[in-house]
Amino acid sequence: MFGQWIKRLSPQHKEREKELAWASRRVSFAIARYKDTSKDIQEEIRNNGFAEFLIYDRGVNHGGH
């Protein structure tokens, strides 16, 4: 327990926790931005009415070969 307390007070530990918190915020922001962009794209596809023409090709018969 005393070792944990000393570790928390060390400058390296504080710096590492700061880096971890910053990385966590960046990841959260990136995920939120991805969700918003994905929703915007889906809405645009619906609004343009071409969703029924989209074909999802997995490459099985790609190029008609």
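Select Arg16 and Glu19: both sit in helix α2, three residues apart, or about one turn of the helix. An α-helix has 3.6 residues a turn, so residues three or four places apart point the same way. Show the side chains and you'll see Arg16 and Glu19 meet in a salt bridge, 3.3 Å from N to O. The term covers a side-chain nitrogen of Lys or Arg within 4 Å of a carboxyl oxygen of Asp or Glu. A search of the whole structure finds one salt bridge.

A word on what you're looking at: this is a predicted model, where local features need pLDDT of at least 70, side-chain atom pairs count only at pLDDT 80 or more, and totals for chains, interfaces and linings use all residues. Numbering runs from 1 along each chain as its sequence is written, and side-chain values use heavy atoms, with hydrogens and water left out.

Buried or exposed: which is Arg16? Arg16 is exposed at 58% relative accessibility, while Glu19 is partly exposed at 39% (buried is under 20% relative accessible area, exposed over 50%, partly exposed in between; 1.4 Å probe, protein chains only).

Now colour by secondary structure. The protein chain has two helices and zero strands (DSSP runs: H or I of at least four residues for helices, E of at least two for strands, numbered from the N terminus).

Next, pick Asp36, Asp40, Glu43 and Glu44, which form a negative surface patch (residues with over 30% relative accessible area and no salt bridge, like charges joined within 9 Å, nonpolar side chains within 5 Å). Glu43 lies in α2, residues 11-48, and is partly exposed at 43%.

Technical notes. Areas by Shrake-Rupley, 256 points an atom, 1.4 Å probe, with all protein chains shown as cover. Lys, Arg positive; Asp, Glu negative; His and termini not counted. Charge placed at Lys NZ, Arg CZ, Asp CG, Glu CD.
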